[in-house]
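Visitor: I would like to learn how to read the features of a model such as this one. Please take me through it step by step.

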Amino acid sequence: MSTTSIPAPRTGYSRHKSTRSKFEMFAWLFMRVSGIILVVLIFGHLFVNLWSGEGVKQIDFGFVAGKWASPFWQIWDLLMLWLAMLHGTNGLRTVIIDYAEKPATRMSLQVILYIAATVIIVLGTLVIFTFDPCPANADPKLLASFCQAG
């Protein structure tokens, strides 16, 4: 049985050098900064997609193709995807650390989380940058206006 010693009440505070890395501090800071940026990105996304124009009725293949024809919207959606996935992954990582009691369970859950986040980020990035706004043999009514032969 180990005993711990408690310092006398009037003993001054002495800081012990931390053996932990600063990763947790950076993860905490990332959550705050990414949360603020995500609020701006998401409300901008909602405004353009739902409140301006005809609302939800306007969202179809042609609408997305028109948006993603612009590098600005590709980068906007890419930032939204990456920040949302990293923000959510970091939050779930914290939940796993807090609630998974066994180290093997904690490690397994974190590996699954990191693999899933990586797959979604890679596939989402590929979709954004390889999306063809003017596919061959598509219904002309669904295509963006710039795809029409003129």
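Guide: Start with the secondary structure. The protein has four helices and zero strands, and from the N terminus on the order is α-α-α-α. Keep in mind that this is a predicted model.

Visitor: How much of the protein is buried?

Guide: Of the 150 residues, 27% are buried. As for contacts, among those with a separation of 6 or more, 66% are between residues 24 or more positions apart.

Visitor: Now the aromatic rings. How many aromatic pairs does a search of the whole structure find?

Guide: The search finds four. Ring pairs are sorted by the angle between planes, with over 60 degrees counting as edge-to-face. One of the pairs is W68 and F131: the ring centres are 5.2 Å apart and the planes stand at 85°, so this pair is edge-to-face.

Visitor: Where in the chain do W68 and F131 sit?

Guide: W68 belongs to helix α2 (residues 61-68), while F131 is in the segment after α4 (103-130). The two are 63 residues apart, and the pair links distant parts of the chain.

Visitor: Is W68 buried or exposed? And what does F131 count as?

Guide: The cut-off for buried is under 20% relative accessible area. W68 has 16%, so it is buried. F131 has 23% relative accessibility and therefore counts as partly exposed.

Visitor: What kind of pair do the rings of W73 and W76 make?

Guide: For W73 and W76 the planes are at 55° and the ring centres 5.4 Å apart, so the pair is tilted. Both residues lie in helix α3 (residues 71-99); because they are three residues apart there, about one helical turn separates them. W73 and W76 are both buried.

Visitor: Which residues form one aromatic cluster, and which residue lies over the face of W73?

Guide: The cluster consists of F72, W73 and W76. Over the face of W73 lies K67, at 4.8 Å from the ring centre.

Visitor: Next, pockets. How much space lies in the largest pocket, and which residues line it?

Guide: The space is about 180 Å³. The lining consists of F23, F26, A27, F30, L86, T89, N90, R93, Y114, A117, T118 and I121. Helices α1 (23-51), α3 and α4 are the elements that each give two or more residues to this lining. A lining can also be read by class: here there are eight nonpolar, three polar and one charged residues.

Visitor: Take T89 from that lining. Is T89 buried or exposed, and what is T89 in contact with?

Guide: T89 is placed in helix α3. The relative accessible area of T89 is 10%, so this residue is buried. With neighbours within four places in sequence left aside, T89 is in contact with L113, Y114 and A117. Of these partners, Y114 and A117 also line the largest pocket.

Visitor: And what is the relative accessible area of L86?

Guide: L86, also placed in helix α3, has a relative accessible area of 36%, so L86 is partly exposed. Not counting residues up to four places away in sequence, L86 touches F30 and I121; both of these line the largest pocket.

Visitor: How far apart are the C-alpha atoms of L86 and M31?

Guide: They are separated by 8.9 Å, although L86 and M31 are 55 residues apart along the chain.

Terms used: Residues numbered from 1 in each chain as written. Predicted model: local features only at pLDDT ≥ 70, side-chain atom pairs only at ≥ 80, totals over all residues. Heavy atoms only, no water. Phe/Tyr/Trp six-rings, centres within 6.5 Å; stacked < 30°, edge-to-face > 60°. Buried < 20%, exposed > 50% of the residue type's maximum accessible area, 1.4 Å probe, protein only. Lys NZ or Arg CZ within 6 Å of the ring centre and 35° of its normal. 1 Å grid on protein atoms, 1.4 Å probe; cavity = no way out; pocket = protein on both sides within 12 Å on 5 of 7 lines; lining within 4 Å. Points joined across faces, edges and corners; volume = space filled by probe spheres on them. Nonpolar A, V, L, I, M, F, W, Y, C, P; charged D, E, K, R; others polar. Contact = heavy atoms within 4.5 Å.
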